[in-house]
Amino acid sequence: MFFDWGTPIIHIGDFIMGAFTSLWIAVLVFLLSVLFGTLLALARFKRRKNLIFILATVYVEFIRNTPVLVQIFIVYFGLPQFDIHLSPITAGVLALTVNNSAYIAEIIRAGIQSIHKGQWEAAASIGLSHFQMFRLIVFPLALRNIFPSLSNQFIMILFGTSLLSILDVRELTQRASILNSETFRTMEIFVFVTLMYYVISILSSTVLRWVNHKFYPNIK
């Protein structure tokens, strides 16, 4: 047995293109998930047993207790039964957003609950509305507390983009699978791709830590 490391190295341009695709999908899914996750967190924050709370709770619990790959299949292969046809990338972004919104909602809800009652009372004492209290006082403080958890979730989303290879989205894993089917250099190709994921993860974590220290210098 011998290894042919030249095979993945020769095709490094394809892998870099796949890595960029994985990265921009991860960034888009993360931003959309933070947006929808914040709405879900607000719906579940005060635990009032109204319809919005119940719907948000059912959504979060159902999504967190079912496999993301099955959710991807439902979005891509199930929606066409209702004449909703999505491209592989659109379906993948939608499915990953649906999944990660539930997890990020719980992270943000925990962050909001970590804000001391005195902060709410101080904001109310200067005449701020509930929306102003949340936007100007509560959410920035909660974001400071949960930033490390959100950073970890971004890395999980980045790794989750590899599942979109099942839809033939030409991200990093799919490009490796295509090259493997052409050359059968499985070990070399996927070890090489694993190292690329590792480098992307380390670089992403470094950038996120820099952002954390830049905006929240007192948080380690």
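Me: Contact here means heavy atoms within 4.5 Å. With that in mind, what covers the buried residues of helix 4?
Reply: The cover includes helix 3 (51-64) and helix 5 (88-113). Helices are DSSP runs of H or I with at least four residues, strands are E runs of at least two, and both are numbered from the N terminus.

Me: Is this predicted or experimental, and how is it numbered?
Reply: This is a predicted model, with residues numbered from 1 along each chain as its sequence is written. Local features need pLDDT of at least 70 and side-chain atom pairs count only at pLDDT 80 or more, while totals for chains, interfaces and linings use all residues; side-chain values use heavy atoms, leaving out hydrogens and water.

Me: Back to helix 4, then. Which of its residues are buried?
Reply: Helix 4 spans residues 68-78, and its buried residues are V68, Q71, I72, V75 and G78. Buried means under 20% relative accessible area, exposed means over 50%, and partly exposed is in between (1.4 Å probe, protein chains only).

Me: Why might spacing along a helix matter for that sort of list?
Reply: An α-helix has 3.6 residues a turn, so residues three or four places apart point the same way.

Me: New topic: which residues does UniProt list as transmembrane region?
Reply: The unreviewed entry lists residues 23-43, 50-77, 149-169 and 189-211. UniProt positions use the numbering used here, feature names are shortened, and annotations may be inferred rather than shown by experiment.

Me: What do residues 23-43 and 189-211 look like in the model?
Reply: Residues 23-43 are 100% helix and 0% strand, with the end C-alpha atoms 30 Å apart. Residues 189-211 are also 100% helix and 0% strand, and their end C-alpha atoms lie 33 Å apart.

Me: How many aromatic pairs are there?
Reply: The structure holds 7. In one of them, the ring centres of F15 and F192 are 5.7 Å apart with planes at 40 degrees, so the pair is tilted. This pair links distant parts of the chain, with F15 in helix 2 (residues 12-45) and F192 in helix 9 (residues 186-215), 177 residues apart. Rings of Phe, Tyr and Trp (its six-membered ring) pair if their centres lie within 6.5 Å; planes under 30 degrees apart count as stacked, over 60 as edge-to-face and the rest as tilted.

Me: Are F15 and F192 buried or exposed?
Reply: F15 is buried at 1% relative accessible area, and F192 is buried at 16%.

Me: How are the rings of F159 and Y197 arranged?
Reply: Their centres are 6.3 Å apart and their planes sit at 80 degrees, so the pair is edge-to-face. F159 is in helix 7 (residues 130-160) and Y197 is in helix 9, 38 residues apart. F159 is partly exposed at 34%, whereas Y197 is buried at 11%.

Me: And which residues form one aromatic cluster?
Reply: F73, Y76 and F77 do.
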